[in-house]
Amino acid sequence: MSGDDFPDPEAIIERGRRYRDRLDEYGENQQKETVTELFTLLGRAYALPVLHLFSMNEGPLRFSDIEERLDVSPTTLSKRLSELTEAGLLTRRSYDEIPPRVEYEPTDAANGLAPVFIHLYEWASVYDLYGEVDVPREND
């Protein structure tokens, strides 16, 4: 990955500062609470992989497709999908068929997180959190 492909951290930090300066105290507190709740949800088992799967996929995904692609137990997946649906990040549609068919689609809120996933994966291609793996750097 070239340096041109990775966003400039200083520019992102400055953009965040300008945004924060426009918020009043209530807005800033509400924003912090929302971000904390989001990270709490995303920290649960398989929440990030589920949302990442949707960010890289077009159209709805069936429960069985998600289960197979993530190699996750049905119980865990069901719980996570319910939480993501309740949080407004996914919509659930069930069909009155035999066998039953259930599909999930990302909402606009989930689609808005797609750049975050892209940025995180770009970050991971440049940095290693604990330095245990020799990650190739530009010009290596």
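**Salt bridges, strands and loops: the reasons behind the labels**

Author: Helix H5 holds both arginine 80 and glutamate 83, which are three residues apart, about one turn of the helix. The model discussed here is predicted.

Reader: What makes the contact of arginine 80 with glutamate 83 a salt bridge?

Author: The closest N and O atoms of arginine 80 and glutamate 83 are 2.4 Å apart. The term requires a side-chain nitrogen of Lys or Arg within 4 Å of a carboxyl oxygen of Asp or Glu. The 2.4 Å value of this pair meets that limit, so the contact is called a salt bridge. Arg80 and Glu83 are also linked with Arg44 in a network of salt bridges.

Reader: How do you know whether arginine 80 and glutamate 83 are buried or exposed?

Author: Arginine 80 has a relative accessible area of 8%, and glutamate 83 has a relative accessibility of 18%. Buried means under 20%. Arginine 80 is therefore buried, and glutamate 83 therefore counts as buried too.

Reader: Why is the contact between glutamate 14 and arginine 18 called a salt bridge?

Author: The N to O distance between the side chains of glutamate 14 and arginine 18 is 4.0 Å. The cut-off is within 4 Å, so this pair is included. Glutamate 14 and arginine 18 are four residues apart in helix H1 (residues 9-22), and so about one helical turn separates them. Glutamate 14, at 34% relative accessibility, and arginine 18, at 46%, each fall between the 20% and 50% limits, so the term partly exposed applies to them.

Reader: How many salt bridges are found in a search of the whole structure?

Author: The search finds five. One of them joins arginine 101 to glutamate 97, with the closest N and O atoms 3.0 Å apart. At 18% relative accessibility arginine 101 counts as buried, whereas glutamate 97, at 35%, counts as partly exposed.

Reader: What makes arginine 101 a charge over the ring of tyrosine 95?

Author: Arginine 101 lies over the face of tyrosine 95, at 3.6 Å from the ring centre.

Reader: Why does strand E1 count as paired with E3?

Author: Two bridges join strand E1 (residues 61-62) to E3, in the antiparallel sense. The requirement is at least two, so E1 and E3 pair. Arginine 62 has glutamate 103 in E3 as its bridge partner.

Reader: What is the order of the strands in the open sheet?

Author: The three strands are arranged as E1-E3-E2, with antiparallel pairing. E1 and E2 stand at the edges with a single partner strand each, so one side of each has no neighbour in the sheet.

Reader: Why is E3 described as largely enclosed by the rest of the structure?

Author: Of the six residues of E3, five are buried, so the rest of the structure largely encloses this strand.

Reader: What is remarked about phi in tyrosine 46 and aspartate 71?

Author: Most residues other than glycine have a negative phi. Tyrosine 46 has a positive phi of about 70°, and aspartate 71 has a positive phi near 50°. Tyrosine 46 is in the loop between helix H2 (25-42) and helix H3 (47-55), while aspartate 71 is in the loop between helix H4 (63-70) and helix H5 (74-86).

Reader: Why do tyrosine 46 and aspartate 71 carry their accessibility labels?

Author: Tyrosine 46 is at 31%, between the limits of 20% and 50%, and is therefore partly exposed. Aspartate 71 has a relative accessible area of 67%, which is over 50%, so it is exposed.

Key
Residues numbered from 1 in each chain as written. Predicted model: local features only at pLDDT ≥ 70, side-chain atom pairs only at ≥ 80, totals over all residues. Heavy atoms only, no water. Buried < 20%, exposed > 50% of the residue type's maximum accessible area, 1.4 Å probe, protein only. Lys NZ or Arg CZ within 6 Å of the ring centre and 35° of its normal.
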